[in-house]
Structures are given as structure tokens and as C-alpha cells.
Amino acid sequence: MKKSVALLFTFVMILSTISFVQAGHKGKHKSKELKLGVDVVLSSEKKLLKGKRVGLITNPTGVDQELNSIVDRFYNDKDINLTALYGPEHGVRGDAQAGSYVDFYIDEATGLPVYSLYGKTRKPTPEMLENVDVLVFDIQDVGTRFYTYIYTMALAMEAAKEKGIPFVVLDRPNPLGGLKVEGPILEAPEYASFIGQYAIPLRHGMTVGELAKLFNKEFGIGADLNVVKMKNWKRYMNYDDTGLEWVLPSPNMPTLDTAYAYPGTGLIEGTNLSEGRGTTKPFELLGAPFINGADLARELNKLKLKGVEFRAASFTPTFSKHSGVLSHGIQVHITDYDDYVPLETGLHIVKTIHDMYPDDFEFRAEDSKGISFFDLLIGNGWVRDDIEAGKSVKQIKQKWDKDSKEFLKVRSKYLLY
């Protein structure tokens, strides 16, 4: 009898473990054959770099599939003459917070100069490229228009064009997959900024290599561009499906869940609510001192949005908005990556809080040009106007659906996979 009970207990524990593992992994397929652009260039495309002085734009995500830094791989490769490093927002080593000024320094591990592209200039100057014959870009993007690395890439492409040197992009997956496009097209030039330079939707569904091709042709950069494609990446794959380890692209992008939430909850940055910076769940914990978390979670769960549930949560940010002040709100729990619609969810959150707390909720103040930060994030002024006018999220979404379909036609010319 005791033996039967013990066997039953063991069987239940095995089933529980399997269920836990399956519940924790939302990707449906694991790829063992995928090869990143960095691995391809080092194995079969070195001709792009041989005999040239190489400048490298990268950050901690610039790793091969064994998590070795591309800086070290290039520096220790006898066929590659690495002469300069360039760091985007957060720096080459990823140790600078969002918006923090980064200055020139010497990399301790290699002794190479590190030029900041998020300091006095965001575009490499001729002096920065003086000792460079080819400029290489290898950074993991997160698939959202207002993430700054893709504009670091675009400005560097312009600089390479002006100096007359080739530009090489080592491609990486779009962690949100390459099938879905969502959101309004940025209205340029009025709403163009370093968090949205070009007329693309908020969720673009493209890899950095594909974006480089699109930027180069559609927006007239005209660089001598080479994209080193990945092998065996498929458009349906999100990051979980690749089998790759997640390396933080920036200090407030700790997990794939964060990246999935970001296209929608990143809009909270354009309000007086905390977007969770200064907590262990940035862009998943959202709130402010004036919110009742239980009431907000109840209202949002009533909407029955796909692939997401909301839980009342309280937190005290250690920096950024409401630093050191107890805030109340929600945690966003993504339950299904395929069903989840991030921007629509983010707008529902913003609109619900706007409607529940009309005397306390605020969009961030307009800048000297009369444009609010929310407008720069969403890429226009009419979404905020519609929220304030009481329009529904469905009505707002209908306005951009036509533009999204038009973008799919443009995008199709630059897809590599």
C-alpha cells in the first residue's frame, strides 16, 4: 500500500513538473539549426571584413550562440583588424540607464577606443571613423518603433555613406516574431525624433537587417549596405522558439515578457504613471499613488483581452517616476504570445486609467515644439486627442488599420526570410 502511494505521488510530481515547464514556455517550437548573423560572418562571410580596419557598433547583446562577446571574437580573430568600438544608448557594456549621457572612454578588455553614439553626438563623426574601412552593426532589437537602437543604426549608415565605406548588419531575430504588424504609421517629419525617425508602424515585424534595407531604400540613405542573414530563422518564430538565451538589450528589458509588453505599456512613459522603471518588472508593473489596483485590475479584466490577465499590484520604484513613493496599479501577465495584442492592450490601459481618474491622470507636458512625449511615442497627435474625446480603442484602431495594410506592401520588398 505504501509503495502504491509513493508511486502515485511520484507520478503526480512528474506531471506537475511537465505542466510547470510547459506553462513557463510560451514558444511552440525550438530551433536547433538557427545561426545568427555573427556566427555566419565568422564562419563563411569573413571576406566582408578581411583586409579592412573594422569599426563595431554593439552592446551586451552582441554575442554568438555560445554567449561569447562579438568584441572578443573579433578582437581575437587573426583575420579581423578591429580598430574601434561604438556604443548606443546604455553603452557598449550596457551599464548606463535610459537617457544617461555616455562619454568617450577606452575599453579595459581590449584597449580600443569606445565612441559614444548617445553623448555629444548620435551619429559617428568623420573623426570617429578616421581609422575605419568598414562599419559593422550587431545589436539585438526588440521589434518596437520607439526603441532607439534602430536609429543608431540608421545614423551610422548615413555616416558610412558620407565617408564612402561599406556598412554591414549582422542580423538577429525580431523577438516578437516577423508576422504581425500593429499600430499607426509615424507621421513624419512632425513627430520624428530619436524614438521614431521614420514612417513605420509601432510594431513593424521586421529584423534589424530588413529594417536596414528598408531605411536604406525607402528613406534615401543610400549606403553601401550588406546584411549577413541568419540561417533557418522563420517568420513565425518569437525569441522562445529560437533556442537562444535572452541577453538584456537594455537595463529595463530583462525578459521576453518585457519585450512583448513594451509596444503597448511603453506608452505609459508618455503619462504621469510609473511604467515600472525602478522595479524588477519594468513595463509589466504599472501604476501611481492615486490608483486603486483592485478596481483597475477588475475593469481591465472585464475587457477580456486576448492573451493577457491583470493582477492588482503595489510597488515602490527605486528611481524614475514616483521614486520612493508607494504606488498602486497592476501587473500585466501575458498568458499567450500568439494571442496577445500589445499596442491594443496598452491603449486600453491608458484609456481605462484616463477615464477612471480624470482629475489625477495626465499626459506628460508638451515640449518646446508643443508636442507631448506620448505623441512622440505613438507617432501622431490624434490618438491622444481621441482618448481625451472619449473615443473607444476600437474606433482608434480602425483608423490605423488601413495604414498598417499599406505598410505590409512596402515591407514585403525588404523581407529576407
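Against which helix and strands do the buried residues of H2 pack? They pack against helix H3 (70-75), strand S5 (134-138), strand S6 (167-170) and strand S9 (225-228).

## Overview

The structure is a predicted model. Its protein chain contains 12 helices and 12 strands. Of the 417 residues in the chain, 55% count as buried. Among contacts in the protein chain with a separation of 6 or more, 74% come from residues 24 or more positions apart.

## Helix H2

Helix H2 spans residues 37-44, and six of its eight residues are buried, so the helix is largely enclosed by the rest of the structure. The buried positions are Gly-37, Val-38, Asp-39, Val-40, Val-41 and Leu-42.

Val-136 stands opposite Val-168 in S6.

## The three-stranded sheet

A further open sheet consists of three strands in the order S10-S12-S11, with antiparallel pairing. Strand S10 (285-288) and strand S11 (308-315) are at the edges with a single partner strand each, so one side of each has no neighbour in the sheet. From one strand to the next, the twist averages 25°.

S11 and S12 are antiparallel and are joined by eight bridges. Phe-310 stands opposite Val-332 in S12. Helix H9 packs on this sheet and touches S10, S11 and S12; the direction of H9 makes about 45° with that of S11.

## Aromatic pairs

The whole structure holds 19 aromatic pairs. One of them joins Tyr-86 and Tyr-115, which are stacked at 5.5 Å centre to centre with 25° between the planes. Tyr-86 belongs to strand S2 (residues 81-87) and Tyr-115 to strand S4 (residues 113-116), so this pair links distant parts of the chain, 29 residues apart. Both Tyr-86 and Tyr-115 are buried.Tyr-260 and Tyr-337 have ring centres 4.3 Å apart and planes at 15°, so this pair is stacked as well. Tyr-260 lies in helix H7 (residues 256-265), while Tyr-337 is in the loop between strand S12 (327-334) and helix H9 (342-356), so the pair ties together parts 77 residues apart in sequence. Tyr-260 is buried, with a relative accessible area of 3%, and Tyr-337 counts as buried at 5% relative accessibility.

Ring pairs also link a cluster made of Tyr-118, Tyr-151, Phe-194, Tyr-198, Phe-215 and Phe-219.

## Pro-88

Pro-88 is in the loop between S2 and strand S3 (105-106). The residue is buried, with a relative accessible area of 0%. Setting aside neighbours within four places in sequence, Pro-88 is in contact with Thr-58, Asn-59, Tyr-118, Ile-139, Tyr-149 and Thr-152. One of these, Tyr-118, is a member of the aromatic cluster.

Pro-88 and Tyr-115 are 27 residues apart along the chain, and their C-alpha atoms are separated by 9.1 Å.

## Glu-210 and the end of the chain

Glu-210 is in helix H5 (residues 208-218). Is Glu-210 buried or exposed? Glu-210 is buried, with a relative accessible area of 0%. Its side chain reaches the backbone nitrogen of Leu-416 at 2.8 Å.

Not counting residues up to four places away in sequence, Glu-210 touches Asp-171, Gly-205, Arg-235, Tyr-414, Leu-415, Leu-416 and Tyr-417. Tyr-417 also takes part in an arrangement with a lysine: the charged end of Lys-229 sits over the Tyr-417 ring, 5.5 Å from its centre.

Definitions and conventions. Residues numbered from 1 in each chain as written. Predicted model: local features only at pLDDT ≥ 70, side-chain atom pairs only at ≥ 80, totals over all residues. Heavy atoms only, no water. Phe/Tyr/Trp six-rings, centres within 6.5 Å; stacked < 30°, edge-to-face > 60°. Helix = DSSP H or I, 4+ residues; strand = E, 2+ residues; numbered from the N terminus. Buried < 20%, exposed > 50% of the residue type's maximum accessible area, 1.4 Å probe, protein only. Lys NZ or Arg CZ within 6 Å of the ring centre and 35° of its normal. Polar contact = N/O pair within 3.5 Å; in protein donor to acceptor, adjacent residues only side chain to side chain. Contact = heavy atoms within 4.5 Å. Pairing = 2+ DSSP bridges. Axes fitted to C-alpha atoms, helices over the stretch in contact; angles between N-to-C directions.
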